Amino acid sequence: MKIGMIGTGYVGLVSSVCLANSGHSLVCIDKRPQIIDSLSKGIPTIYEKDMDSMLATCVKENSISFSTDISSLSDCEIVFLAVGTPSLPNGHADLSQVFSAIDSLLTVLNEQAMIVVRSTVPVGTVKRVRQYLDEKGKEKQMLGFCPEFLREGVAISDFLNPQYLVFACGYKEGQDLLHQVYQPIIDATDNKVRVVKTYSFETAELIKYTINSFLATKITFMNQIAQLAQASDADVGTVIQAISADRRIGELFLNPGPGFGGSCFPKDTIALVKCGITYGVDMSVVEEVNHSNKRHKEYIASWILETLEKNIQVEGKKIAIWGLAFKAGTDDIRDSAAITIVESFFQCNIEVHAHDPKGNENFHTRVNNSHLQLYDDPFDAVKDTDVLVVLTEWQVFRDISPQEVLNLMNGDNPFVFDTRGILPHDKYKELGFQLYKFGL
Ligand code: UGA
């Protein structure tokens, strides 16, 4: 099938490469010429596991092409919109890119082609797009909504091995067309994937927000439990071990950390609250999740600083940071807890020596401060520092020998704060580190 994709960010690029890899022919459009130039050469513009090899193969085999010219989509059977829907200053989702993509599409697309919104949009948006198409005399143009459920860092694997798919379209014909697009992926998973089809755009829009907001709530709840464990000398790890055996709770997304970040949970939880306002419904649970998550990032910074102040004079000290990305497996630092925490260190005149396996460059663009030095190597980052703080759960940090860390840091009993609970704590303690794990 010839498929178009407008937008080559995380969602658009991962979806395109995976669909091209599944036997479809993809045409990808983006307004940014440098991005198109790089992707046309097979060079990814984001870091995502397996993206470089898959993109290079698709480009070589001509199953994917990139262009800034929207007219390249004229003979596509189906066109997905994977444009950004960032938060406006008032918290509502900015839908201008969705409507401007529709406007330009209508100038080139034939009436038989289906348009599918893939961007995350507030409940009621796709119905507005339908009305907009009708007003433009495009009543026959089929419209669908197909939300994405891709986690950065494992997005390709999530796309190729989905647990569920959601196809929303007012016509069975459109739902069937979406099914056809995903047929190779459904077949490859031995039909284990749950395919949810609905005629209601609102239902599909709500599914997307419900999942992200529910997961954000789960994490925030566990961060509060971890704070309580910390204050009461309980061990949150043992609490999790027990509660995750309860099938009603499940094992995943219970890990406490420095607070959730990324381009989705912060934005989507705020947008769900705004949807509640639009429909006159109380969404105070999710509203509080957002506030609590912001406070939690500040709590982690204060916990580190107050613990240090009880023991040493923090001003003028050097703190090493391992991990700047909002999670492991990505170069994305959007809304990362590292931003809040590092900035609070700067306020205390602390020098920060940081390393992230993929996120250094993006962090440097976002946080530019004379107190910040970025290192390509985790060992260089800890050298001659007094304190080590782990903020992202990269595997490489788990594997580093604590002895080597001790040899490089100042003093015989350096401080380590593990906000993700990933280090081999006993080994660190045996060597004399003063180790603090969040939630214990
Ligand atoms: C999230 C959803 O998981 C995807 O299903 C969804 O498609 C995507 O948003 C989206 O809407 O595009 P993502 O933001 O890439 O994916 O990352 P997650 O793995 O969900 O992690 C989000 C945040 O929660 C990270 O900061 C992570 O460190 C934190 N987290 C996650 C925890 O603190 N504890 C956990 O147990 C799990």
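User: What makes β13 and strand β14 (residues 434–437) count as paired?

Analyst: Four bridges join β13 to β14, and the two strands run parallel. Strands here are DSSP runs of E with at least two residues, helices are runs of H or I with at least four, and both are numbered from the N terminus. This is a predicted model, in which local features need pLDDT of at least 70 and side-chain atom pairs count only at pLDDT 80 or more, while totals for chains, interfaces and linings use all residues. Residues are numbered from 1 along each chain as its sequence is written, and side-chain values use heavy atoms, with hydrogens and water left out.

User: Which residue of β14 is the bridge partner of D418, and what is the handedness of the crossover from β13 to β14?

Analyst: D418 has K437 as its bridge partner in β14. The chain passes from β13 through helix α17 (residues 425–430) to β14, and this β-α-β crossover is right-handed, because that name applies when, with the strands pointing away from the viewer, the path from the first strand over the helix to the second runs clockwise.

User: Where does β13 stand in the order of the open sheet?

Analyst: The open sheet has six strands in the order β11-β10-β9-β12-β13-β14, with parallel pairing. Its edge strands are β11 (372–374) and β14, each of which pairs on one side only. From one strand to the next, the twist averages 20 degrees, taken between axes that are lines fitted to C-alpha atoms (for helices, over the stretch in contact), with angles between N-to-C directions that run from 0 to 180 degrees. Strand β12 (residues 387–390) pairs with β13 in the parallel sense over four bridges, and V390 has D418 as its partner in β13.

User: How do you know whether the two faces of β13 (residues 415–418) are covered or open?

Analyst: F415 and F417 on one side, and V416 and D418 on the other, are all buried, where buried means under 20% relative accessible area, exposed over 50% and partly exposed in between (1.4 Å probe, protein chains only). Both faces of β13 are therefore covered.

User: What makes the contact of α4 (residues 96–106) with α5 (residues 125–135) a helix packing, and which kinds of residue form it?

Analyst: The two helices pack at an angle of about 30 degrees, with their axes 11 Å apart. The contact (heavy atoms within 4.5 Å) is made by V98, F99, I102, D103 and L106 of α4 and R128, V129, Y132 and L133 of α5. These residues divide into seven nonpolar, no polar and two charged, since Ala, Val, Leu, Ile, Met, Phe, Trp, Tyr, Cys and Pro count as nonpolar, Asp, Glu, Lys and Arg as charged, and the others, Gly among them, as polar.

Terms used. Two strands pair if DSSP finds at least two bridges between them.
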